[in-house]
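This report concerns a single protein chain and the way its elements are arranged. The sequence and coordinates are shown below for reference.

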Amino acid sequence: MARRKRVEEHENHERWLVSYADFITLLFAFFVVMYAISSVNEGKYKVLSNSLVDAFKQPKQSADAIRLNDQNTPGAPQKLIVIPGATMMPNAGKFEEQAKKMQGIAGDLRQSLGSLIDQGKVRVTQSKRGIAVEISDSILFATGRADLQEESASALLAIADLVKNSDNLIQIEGHTDNQPIRGGLFPSNWELSSARAASVVRLFQSAGVAPQRMVAVGYAEFRPVESNDTVDSRARNRRVTLNILADNQDEVAVISP
């Protein structure tokens, strides 16, 4: 039999069109995705823009003068300091007003207690912490007792009358000398100093001072202002101190001078 003649297959020169079509399809899909991502939400853009503007806003600069008071020297002239470009603190006026208020209270206390101050039985001092009125126990209590003497009530009531209408917190401290207690109502100076501070608190409350503004603290002999070597120094250490605080703070009892 005659062998069938093999027909030669022609090479397909158009196969590249399949790959090209796939590439075009992928490229089209890519641009569709990119267009969708690039669409901006105008509302969100404005929120972001405003947030960035607020974050990078500079505080208002001012070359205004800043007045400083010397709180340790009542009646001292104000010092005027000009700081070009200084940032004015929003609470500067409030602090200045508070300083003037404390100076006024200190002046009223010195005037009201003038005779006792002249006798050395009362001391009024002012610091950044506030006003401290130190009263000798000799005009307040009998030896080893915590009930107030009648002649001391007038001085304490005068102080209460000056502070009852303010909102400053008041810490009342009791102090003793280092002599141990033998017998009597109190087992140690701790109880005696605390009871004396509490007696003043009760008197102030009865005079109209809000009780939530006050705290009584007993330090016994452990915060002396002088050594306990002599009779006079021990008498100086036996005292009650009324601290009228400049800044209203919640935790008053643990504040150090």
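The model is predicted, so to speak of local features requires pLDDT of at least 70 and side-chain atom pairs count only at pLDDT 80 or more, while totals for chains, interfaces and linings use all residues. Residues are numbered from 1 along each chain as its sequence is written, and side-chain values use heavy atoms, with hydrogens and water left out.

**Sheet**

Helices (H or I, at least four residues) and strands (E, at least two) are DSSP runs numbered from the N terminus. Five strands form an open sheet with mixed pairing in the order 5-6-9-7-8; two strands pair if DSSP finds at least two bridges between them. Strand 5 and strand 8 (214-218) are the edge strands, each with a single partner, so one side of each has no neighbour in the sheet. On average, neighbouring strands are turned by 15 degrees against each other, direction ignored; axes are lines fitted to C-alpha atoms, for helices over the stretch in contact, and angles run from 0 to 180 degrees between N-to-C directions.

| Strand pair | Sense | Bridges | A bridge partner pair |
|---|---|---|---|
| Strand 6 and strand 9 | antiparallel | 7 bridges | Gly130 and Leu245 |
| Strand 7 and strand 9 | antiparallel | 6 bridges | Glu173 and Thr241 |

Strand 9 is largely enclosed by the rest of the structure, because 7 of its 7 residues are buried; buried means under 20% relative accessible area, exposed over 50% and partly exposed in between (1.4 Å probe, protein chains only). In a regular strand the side chains alternate between the two faces of the sheet. In strand 9, Arg239, Thr241, Asn243 and Leu245 are buried on one side, and Val240, Leu242 and Ile244 are buried on the other.

Helix 6 lies across strand 7, strand 8 and strand 9, at about 160 degrees to strand 8. Alanine 197 belongs to helix 6 and is buried, with a relative accessible area of 0%. Beyond its neighbours within four places in sequence, Ala197 is in contact (heavy atoms within 4.5 Å) with Ile172, Glu173, Gly174, Ala216 and Val217. Between Ala197 and Glu173, 24 residues apart in sequence, the C-alpha to C-alpha distance is 5.5 Å.

**Nonpolar core**

A nonpolar core is a set of buried Ala, Val, Leu, Ile, Met, Phe, Trp, Tyr and Cys residues joined through side-chain atoms within 4.5 Å. The largest one has 32 residues, and Ile131, Val133, Ile135 and Phe204 have the most contacts inside it. Elements that each supply at least two of its residues include helix 3 (92-112), helix 5 (150-163), helix 6 (189-206) and strand 9 (239-245). Neighbours within four places aside, the contacts of Ile131 include Met102, Leu109, Val124, Leu242 and Ile244.

**Pocket and loop**

The largest pocket holds about 510 Å³ of space. Its lining comprises 30 residues, of which Asp137, Thr143, Asp177, Arg196 and Arg238 lie nearest its centre. A pocket is defined on a 1 Å grid over the protein atoms alone, as an open set of points with protein on both sides within 12 Å along at least five of seven lines, a 1.4 Å probe being used; lining residues have an atom within 4 Å of a point. Grid points are joined across faces, edges and corners, and a volume is the space filled by probe spheres set on the points. Strand 6, helix 6 and helix 7 (231-237) each supply at least two lining residues.

Alanine 220 is found in the loop between strand 8 and helix 7. Its phi is near 55 degrees, a positive value in a residue other than glycine, and Ala220 is buried, with a relative accessible area of 1%.
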